Amino acid sequence: MPCSRRDFSVLRIPCTKPGCNRWFKNKSGYTQHTNAVHLLGATPLHTEPSQFNRSPSPFFNGDDNPLQSDGAGEENHSEIPRSAQSPIPAEFFGAGDRLYRNYHPSLTGRPCDPEGNFLPPGALPLPLSEKSADDWTPYRDRLEFELADYIFTRNQTPAAQIDHLLDLWAASLIRAGADTSQVLFTDHRDVYRTIDNTPLGDVKWQSFSVKYTGDIPDEGPLPWMTESYDVWFRDPHQVVQNMLANPDYASEVDMRPYREFATETDERQWQDFMSGDWAWNQADQIAKDPATHGSTFVPVILGSDKTTVSVATGQNDYYPLYASIGNVRNNVRRAHHGALAVVGFLAMPKTTKQHAKTAIFRRFHRQLFHSSLSFILRNLKPGMTKPEVVRFGDGHYRRVIYGLGPYIADYEEQVLLACIVRSWCAKCTSNSKSLDDDNLLRKRVHTDTLIEECDHGKLWDEYGIIAQLVPFTNDYPRADIHELIAPDLLHQIIKGAFKDHLVAWVEKYLVATHGQAQADIILDDIDRRIAAAPAFSGLRRFPQGRNFKQWTGDDSKALMKVYLPALEGYVPTDIIRTFRALLEFCYLVRRNVITETSLNEIDDAVARFHQYREIFKDTEIVSTFSLPRQHSIKHYNTLIRLFGAPNGLCSSITESKHIKAVKEPWRRSSRYKALGQMLVTNQRLDKLTASRQDFYARGMLNGTCLTSVLATLNAQAPGEHDDTGQHEPPVSSPPGEDENEDFDIIDDPTSNKYIEGTKRARSIPELSTELCILDLADLVRCFLFEQSNPEDARDPTEVPLLEFPHYRGRISVFNSASSTFHAPSDLSGIGGMKREHIRACPLWRNECARNDCVFVITDSNARGMLGMDVARVMAFFSLRQHGRPIPCAVVRWSNRVGNAPDPDTGMWMVKPAFSAQNTPHFAIIHIDTIFRAAHLLPVFGTVPLSPSIKFHHVLDIFKLFYVNKFADHHAFEIAS
């Protein structure tokens, strides 16, 4: 006899709270409703700085309450396959038509007028500003704005020092016989008042307070139940509109979801956020409403993370909430550049140790987080279903549809967001005791169904779901918190799987294998090996090894670059290969552009990591690999397809924002009720940034402040200021120049390299003596012959010496060179360009000689290391031939060992080259053949490193080296 199915349309259980007429299907729905709506109550905050607008209404109020949802009747938010469509036309993209894109056919980002009427193709935008080119409001002129910006933003001058500076300025004017009214500001209050009067970037801070309104125990309320908790926020709707209107990165905004392919192979690739499938799928759902066609989809990316500003007593931790938009490209978001803003400071309820771990307090704490987010984001909700007209940075108006995008969070925050039990995965349904088993991804509809069907105990034990909590995404359309949790390279891979897991397991392995005493000796030698890594541009050094307590993300990243060779000889091969697999995974997913081939390489690295890590279980170092952060690497393939390259959504973006948004404003405060002062500081910084963007867009910040003043004086009184020798404007160093270096720059138009330094030897014989290279003159003659006869196919050894030209002229020797190249995966400018210094100097930092190694292009037709050789630069110098300068370098060659990388470490090996006479193989090369710097790490073997050997000895002592492909992400690309 067939079983009858439950009628889910019956509402059985009423809400017992006075004035609430909601009914529910089961107890789970009733409990969720109670925790979301009746557990928390809010009232307006009664005391706040006068600069901020008070929230106009209570937190939860009648029909406007965004949290009155028990999940009944919710639509299915699982991924919907795209409906059959006509073929989407391809558009070539980028230089040389090497790529093409398929753009979404419905959400096309068409320009419109301010009323929302679409414009014809090719219509010009309205001017970004109707102000005149000399309107500096609220400042009197450029000098006043530049001074305010310098004082408040760049120098962060305290109020007392501002007053002192202005007093000195007034005194100098009096002594010069000038009118003291020419002092731009009277005191620090005048500076602050002028900044506050800026109409641009003015998104006011608001607040609400929250307190517990649930059931009170019979013995009376607990201490935390009577407290009020303040939440400060800015309207994210206005913040997002300001981001869209920012002209600074108008050309770095993607208006449409797209799919990108290589023209030659049709291979798909993922880069910026809008290239992922999630944005496309969202657009498909939105486009079901014909009224949205032609609109721009704007995903709102969120992120939150607690941060500590001081270890001193008092309130020293804060909970900032950040927002960005998915339309800006990853390089802009990583650089912040106005595309990441703090929109709130969340409450952090605290209580006594006796009550901190009670279930009711923890539930209140967690639901407060979700309820606060739901309330803060409420003004975005209408624009998630009905288009609104917004102005963009290119001057055009467009209709936009908002949506909740990925949430950037570390694992602890992911547990809170997904409403799951700690040690479970927020992305999939794998059991916490066997996380790496293959299971389905979590979905909101699946979670809601389980809550309907199962009791709370079963949900906790078998599914890791906390049924009493309601995620904030349930109040918004098309939002599934499990899908929206972003990958987190910093905490999941770098700090988690690498530092907290593998590095710690190696120490445990050494103790288990050798005993504590011998293990300590080995660990000391590993530390010496790490400290002996040769200097390299951008490489963080560990002069005392890695034995320090406070680890930062940058410390972990730096250790990854030099750790692998330091282990060799002390651990089995499988451990070396485990580290190699994880490092390669990390560098692959950190790429700026990820192709289908890259995804296959990522899957291969994950498979090798899972294979070789078994040695830690076989040696009983660990009993299980069910570790959520390590388990997360299984999901990166899916997440890349959804959201594009992970480097645009990493928590390192929000953590670095802590400095400008939280830590520096806190340091500028009086420390007494610091949050209010921090909010004022952030608001003023935003106003100054908005003013600079406006002035720049109107062409008012060309040149320097001094050159603009001189130009104004010359325009006012022609001929009186022609002799400007005493007002020579300072010469700016090239962008990206190291401010700690004093080297001169020689811009040679024949090269894309810059040579810099101070003079040393003045002739070839002098340089020969300085470098102890007896045949240097012959090497120069050979080099000049090759430069003059590029078509001569003979080997230089076959050319009679008499055919080589002599060089008796003067030379200029330099201490370093800088190379600029495209490395978007590394820390670089917005255009992805990176500059590094290559040094060849007899005394570096007054300590020792430094002669860096380089990659030299020897076969432009071959790929990677097969087309390059490694050499060590002994000196940079220039000479003149036929009246033109020739920048060149003296190098000592290294030979590759084999035709493939080492099978264990995955790194190429090289050794110093010798000539037929068993002497070091030196040569002169043109600087244009140098691609970039190379980092070599010694093959240490099994012999302990002497404490007397320092990092500057290594390249001279060792005879076999690894070419460190983990030195940075660009090196990984060319040396893998």
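Guide: Of the protein's 976 residues, 54% count as buried, where buried means under 20% relative accessible area, exposed over 50% and partly exposed in between, with a 1.4 Å probe and protein chains only. This is a predicted model, in which local features need pLDDT of at least 70 and side-chain atom pairs count only at pLDDT 80 or more, while totals for chains, interfaces and linings use all residues. Residues are numbered from 1 along each chain as its sequence is written, and side-chain values use heavy atoms, with hydrogens and water left out. The protein has 27 helices and 33 strands, both taken as DSSP runs numbered from the N terminus, helices being H or I with at least four residues and strands E with at least two. Among contacts with a separation of 6 or more, 69% come from residues 24 or more positions apart, a contact being heavy atoms within 4.5 Å.

The helix packing can be followed through two pairs. Helix H16 (residues 573–589) packs on helix H17 (residues 596–612) at an angle of about 155°, with the axes 8 Å apart; axes are lines fitted to C-alpha atoms, for helices over the stretch in contact, and angles run from 0 to 180 degrees between N-to-C directions. H16 is therefore roughly antiparallel to H17, given that angles under 35 degrees count as roughly parallel, over 145 as roughly antiparallel, 65 to 115 as roughly perpendicular and the rest as oblique. The residues that make this contact include Ala-581, Leu-582, Phe-585 and Leu-588 of H16 and Ile-602, Ala-605, Val-606 and Phe-609 of H17. By class, the contact of H16 with H17 holds ten nonpolar, one polar and six charged residues, where Ala, Val, Leu, Ile, Met, Phe, Trp, Tyr, Cys and Pro count as nonpolar, Asp, Glu, Lys and Arg as charged, and the others, Gly among them, as polar.

In the second pair, helix H24 (residues 764–771) and helix H25 (residues 776–788) pack at an angle of about 125°, with their axes 9 Å apart, so H24 is oblique to H25. Here Ile-764, Leu-767 and Ser-768 of H24 meet Leu-776, Ala-777 and Val-780 of H25, and by class this contact has five nonpolar, one polar and no charged residues.

Apart from neighbours within four places in sequence, Ala-519 is in contact with Leu-510, Val-511 and His-514, and its C-alpha atom is 8.8 Å from that of Tyr-509, ten residues away along the chain.

Arg-845, in the loop between strand E24 (833–844) and strand E25 (848–851), has a positive phi near 55° without being a glycine, and Arg-845 is exposed, at a relative accessible area of 61%. His-882, in the loop between strand E27 (868–881) and strand E28 (884–896), likewise has a positive phi, of about 55°, and is exposed at 70%. Most residues other than glycine have a negative phi, and most peptide bonds are trans. The peptide bond from Thr-137 to Pro-138, however, is cis, with omega near 5°.
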